[in-house]
Amino acid sequence: MTAQDTPGGTAIGTTQDTLDSTAADVAALQSAPGPAEGGGISLCAGCSRLGRCHLGLTRETLAADGAVVTELVCGSEYEGGPEVAHGGWTAAAFDELLGHVLLLRQQLAVTGQLSVTFTKPVPINRPLRGRAWIERSEGRRRYVTAELRLYPSGELLATASAVMVTRDWAHFERHRAWLADVDARTVNAGTKTGDTTTA
């Protein structure tokens with residue numbers, strides 16, 4: 001399906017460029033550098049295009065006990081209250097930390113549930129250290145826990161737990177096909193995305 005204009009004027013649809021971009025994003029995720037390759041950061045699809053982690057993750061290593069230890073900094077662009085991180089940044093950073101426990105093992109997993117407990121305000125522009133590990137596995141579900149601390153003092157700032165659900169690498173292609181089907185049905189019904197009335 002090519003991009004079309006809906007009655008509301010919004011262009012929707014799937015173009016070959018979008019499909020090519022999706023394939024490139026999946027390839028980037030599959031070849032994400034692990035900690036053995038210089039202790040860099042495994043980048044998500046969006047950050048791969050930037051060439052850096054926009055959330056401020058700078059280095060991660062897989063510890064001997066199986067935990068992933070990550071160095072990160074919250075930049076001032078995510079400042080919420082004066083000199084502290086917006087809570088949304090903390091939640092997003094935890095989503096990365098928790099997902100990387102599996103990604104560094106070359107396993108794709110998506111977030112099924114995420115819970116964050118805020119203990120202290122997270123300061124911006126200060127070195128932080130995250131640690132994440134798998135608590136247990138049940139089928140495709142991985143129960144993962146993480147903590148975020150001020151570095152080097154070790155003061156606990158926040159903790160998180162998540163249920164990560166493992167997926168095969170065709171997951172994103174199935175999502176793209178589903179979304180294209182939704183878009184086609186929306187256009188054919190003469191409605192705008194998000195509009196429950198029909199034309």
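I'll start with a strand pair: β4, residues 68-72, and β6, residues 128-138, run antiparallel and are joined by five bridges. Two strands count as paired here if DSSP finds at least two bridges between them. This is a predicted model, where local features need pLDDT of at least 70, side-chain atom pairs count only at pLDDT 80 or more, and totals for chains, interfaces and linings use all residues. Residues are numbered from 1 along each chain as its sequence is written, and side-chain values use heavy atoms, with hydrogens and water left out.

Back to the strands. Which residue of β6 is the bridge partner of E71? That is R129. R129 also has a bridge partner in β7, namely R149. Strand β7 covers residues 141-150, and its antiparallel pairing with β6 has 10 bridges. The two form a hairpin with two residues between them. In that turn, G139 has a positive phi of about 60°.

Now the whole protein. There are four helices and eight strands, taken as DSSP runs numbered from the N terminus: H or I of at least four residues for helices, E of at least two for strands. The order from the N terminus is β-β-α-α-β-β-α-β-β-β-β-α.

Some totals to finish. Of the 199 residues, 37% are buried, meaning under 20% relative accessible area with a 1.4 Å probe, protein chains only. Take contacts (heavy atoms within 4.5 Å) between residues at least 6 apart in sequence: 58% of them join residues at least 24 apart. The protein exposes about 10700 Å², with 52% of that supplied by carbon and sulfur atoms; the areas are Shrake-Rupley values, 1.4 Å probe.

Technical notes. Buried < 20%, exposed > 50% of the residue type's maximum accessible area, 1.4 Å probe, protein only.
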